[in-house]
Amino acid sequence: MVIGYWLLVIGYWLLVIGYWRLVISDSLPVTSYHLPFTSYQLPVTKFEMANLVITIDGPAASGKSTVARLLAKRLGASFLDTGAMYRAVTLAAIKGGVDMSDEEKLLGVLDNRKFQFAVREGKTVVCIDGVDVTEQIRRPEVTANARHIASAVKLREKLVEMQRQFAAREKKIVTEGRDQGTVAFPDADVKFFLTADARERVRRRQAELRAKGGGESLEQIEKAIEERDKSDEDRAVGPLRPADDAIVIDTTDLSIEEVVERLLRCVEEKCLKRNQK
Ligand code: C5P
């Protein structure tokens, strides 16, 4: 009789506690503990994903990286160097002895290695499986082989999805590459396409290489840039081209500071108009 009474009391309290646990867990904010970060699956729309997306595309040595980094700093935005992503996968594939014409194997490189990208003191720092490869991804053999990664369709899709996730996380970004305004962020707030006269681009690249101790001749650099641009323009997926609504800026006769100022003015104008709507 007494035991029955106590069983009833305990049962009653178990029911009450169970009910409140349900209510409380329903009202808990969804945090990353409940949502494991599954890559590539989030449908990202402009409004969920970011407050400000600025894209800067352009050919090799057009100055986009430097300008994008400085613009991001001025706007208090995060900077994304998408070329570093293609370079990192290229380096991992070279090191793994992967057949560059085998798309499935290249995809496996992205899936099986851990890539990390961060910006430290204005520089994109890249790690593969915890090893810093920031300098290695700039080597000439990586530059020359990046076209294989750039034209692998599924791999490209995954990299674009990672770029969108970065934007969704950071909210305010300046991203640079070849397809940022056309494919990755067709709804970007402001799109730029930087160009420069071929001779000037070769001169800039030579200065950059010399600063790192490289001794390539103007002819060698010119040939490498021409080949890279051609392959970037001709590929079927995410080719290098300005988006229809991109602001095209010829930087041949402009200093870096002048380009940044011009971009800033365009961003201010566009965002002002957007806020007035
Ligand atoms: O910009 P960066 O010279 O570091 O890019 C290296 C290569 O990565 C490019 O030549 C291009 O083939 C590829 N790339 C791309 N799409 C991007 C960025 C880079 O195809 N958004």
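Which element gives the most residues to the shell around the ligand? Select H4, which gives the most, with 4 residues. Helices (H or I, at least four residues) and strands (E, at least two) are DSSP runs, numbered from the N terminus.

Two remarks apply to the whole tour. Residues are numbered from 1 along each chain as its sequence is written. The model is predicted: local features need pLDDT of at least 70, side-chain atom pairs count only at pLDDT 80 or more, and totals for chains, interfaces and linings use all residues.

**The whole chain**

Of its 277 residues, 32% are buried. A residue is buried if 20 or more other C-beta atoms lie within 10 Å of its own, exposed if 12 or fewer, and partly exposed in between, with C-beta atoms placed from the backbone.

**The ligand shell**

Next, select the ligand and the 15 residues around it, of which Gly83, Tyr86, Ala150, Gly177 and Arg178 come nearest. Here a residue is near a molecule if its C-beta atom, placed from the backbone, lies within 6 Å of it. Helix H4 (82-95), helix H6 (140-150) and helix H10 (218-234) are the elements that give two or more residues to this shell. Coloured by class, the shell shows 4 nonpolar, 5 polar and 6 charged residues. Ala, Val, Leu, Ile, Met, Phe, Trp, Tyr, Cys and Pro count as nonpolar, Asp, Glu, Lys and Arg as charged, and the others, Gly among them, as polar.

**H4 against H6**

Now show H4 and H6 together. Their axes come within 8 Å and cross at roughly 100°; axes are lines fitted to C-alpha atoms, for helices over the stretch in contact, and angles run from 0 to 180 degrees between N-to-C directions. H4 is therefore roughly perpendicular to H6. Angles of 65 to 115 degrees count as roughly perpendicular, under 35 as roughly parallel, over 145 as roughly antiparallel, and the rest as oblique. On the H4 side, select Tyr86, Arg87, Val89, Thr90, Leu91 and Ile94; on the H6 side, Glu141, Val142, Asn145, Ala146, Ile149 and Ala150. Two residues are in contact if their C-beta atoms, placed from the backbone, lie within 7 Å. The residues of this contact divide into 8 nonpolar, 2 polar and 2 charged.

Centre the view on Thr90, in helix H4. Is Thr90 buried or exposed? Thr90 counts as buried because it has 26 C-beta neighbours inside 10 Å. Leaving aside residues up to four places away in sequence, Thr90 touches Val142, Asn145, Ala146 and Ile149. The C-alpha atoms of Thr90 and Arg147 are separated by 8.7 Å, although these residues are 57 apart along the chain.

**Around H6**

Within H6, highlight the buried residues Val142, Ala146, His148, Ile149 and Ala150. Their cover includes H4, helix H5 (103-112), helix H7 (153-170) and H10.

Glu103, Leu106, Leu107 and Leu110 of H5 make the contact with Lys154, Leu155 and Lys158 of H7.

**H9 against H10**

Finally, select helix H9 (residues 198-211) and H10, whose axes come within 9 Å and cross at roughly 115°. H9 and H10 are therefore roughly perpendicular to each other. Arg201, Val202, Arg205 and Gln206 in H9 meet Leu218, Ile221, Glu222 and Ile225 in H10. By class, this contact has 4 nonpolar, 1 polar and 3 charged residues.
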